[in-house]
Each structure stands twice: as structure tokens, then as C-alpha cells.
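I opened the model to look up a few items. My entries follow, grouped by topic.

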Amino acid sequence: MNEEDALKLLEEHRRSIDNIDAALIYMLAERFKQTQEVGRLKAKAGLEPADPAREARQIARLRDLAGSAALDPDFAEKFLSFIIREVIQHHAHIAQIHQEET
């Protein structure tokens, strides 16, 4: 393969990666919209921001999905754990605001 052909293929792969990155951002935004609603419901019901049992189930589920998708399950767990920490922080903030309003 010559350099010109390699550069064309490289550009195709990069366009695909850029599209996937954009899709990931929009999917994460939608996920966080849903978790914000969950946080509001938890705050109104007086539930804790964190749900360790649910988190454990989700991590196990994502590890299984990662394995079937040929993605490193450890990476998938780290990724989900990061998201879960962010969600819990959001839920705690929502709960604090709810307490201040009532």
C-alpha cells in the first residue's frame, strides 16, 4: 500500500471515529437527562442518591455486554463506574436543592 492510499484509509477511519464520538456524546446526554429525572424522583421520595445494589447489577450487566461485544470488561466497568460517580453527585445535588426548597 502506498502512502496516498494509506492516508485515504486513515481519513475514512477517522471520519468513522468522529461519527461514533458524536453519537456517544448524544447518547450520554440522553442518559444524563434520564438520570436527572431519577434524581428528582429520589429526592421527592426521600431516597438515597446512591443505590449500591443497582450499581452492582449494572456493572455486572455491562461487563457481560462488554464481553459479548469483544470489549475489555475491565474498561467497561471503569467507564460505567465513572458515569455512576457523576450520577450520584448529580443526585446528591438535586437532593440538597430539594431539601432547601422544602
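**Annotated span**

I started with residues 14-94: the chain there is 88% helix and 0% strand, and the end C-alpha atoms lie 38 Å apart. Helices (H or I, at least four residues) and strands (E, at least two) are DSSP runs, numbered from the N terminus. I took the span from UniProt, whose unreviewed entry places the feature "domain: Chorismate mutase" at residues 14-94. UniProt positions are in the numbering used here, feature names are shortened, and annotations may be inferred rather than shown by experiment.

**Ground rules**

I noted that this is a predicted model: local features need pLDDT of at least 70, side-chain atom pairs count only at pLDDT 80 or more, and totals for chains, interfaces and linings use all residues. Residues are numbered from 1 along each chain as its sequence is written, and side-chain values use heavy atoms, with hydrogens and water left out.

**Helices α2 and α3**

I looked up how helix α2 (residues 52-68) packs against helix α3 (residues 73-101). Their axes come within 9 Å and cross at roughly 145 degrees. The axes are lines fitted to C-alpha atoms, for helices over the stretch in contact, and angles run from 0 to 180 degrees between N-to-C directions. The α2 and α3 crossing is right-handed. A crossing is called left-handed if the near helix is turned anticlockwise from the far one by less than a right angle, and right-handed if clockwise.

Next I listed the contacts (heavy atoms within 4.5 Å). From α2 I found Glu55, Gln58, Ile59, Leu62, Arg63, Ala66 and Gly67; they meet Pro73, Asp74, Ala76, Glu77, Leu80, Ser81, Ile84 and Ile88 in α3. By class, the contact of α2 with α3 has eight nonpolar, three polar and four charged residues. Here Ala, Val, Leu, Ile, Met, Phe, Trp, Tyr, Cys and Pro count as nonpolar, Asp, Glu, Lys and Arg as charged, and the others, Gly among them, as polar.

**Glu55**

The classes are buried under 20% relative accessible area, exposed over 50%, and partly exposed in between (1.4 Å probe, protein chains only). Leaving aside neighbours within four places in sequence, Glu55 is in contact with Ala50, Ile84 and Ile88. I also checked Glu55 against Leu80: 25 residues apart along the chain, with C-alpha atoms separated by 9.1 Å.

**Aromatic pair**

I searched the whole structure and found one aromatic pair. The rings of Phe75 and Phe79 have centres 6.3 Å apart and planes at 15 degrees, so the pair is stacked. Rings of Phe, Tyr and Trp (its six-membered ring) pair if their centres lie within 6.5 Å; planes under 30 degrees apart count as stacked, over 60 as edge-to-face and the rest as tilted. Phe75 and Phe79 both lie in helix α3, four residues apart, about one turn of the helix. Phe75 is partly exposed at 46% relative accessible area. Phe79 is partly exposed too, at 39%.

**Alanines**

Which residue has a positive phi although it is not a glycine? I found Ala70, with a phi of about 60 degrees. Ala70 sits in the loop between α2 and α3. It is exposed, with a relative accessible area of 76%.

In helix α3 I looked up Ala92. It counts as partly exposed at 36% relative accessibility. Ala92 and Ala43 are 49 residues apart in sequence and 8.5 Å apart in space, C-alpha to C-alpha.

Ala95 is also in helix α3. I have it as buried, with a relative accessible area of 19%. Ala95 and Met27 are 68 residues apart in sequence and 25 Å apart in space, C-alpha to C-alpha.

My last entry is Ala29, in helix α1 (residues 3-45). Ala29 is partly exposed, with a relative accessible area of 36%.
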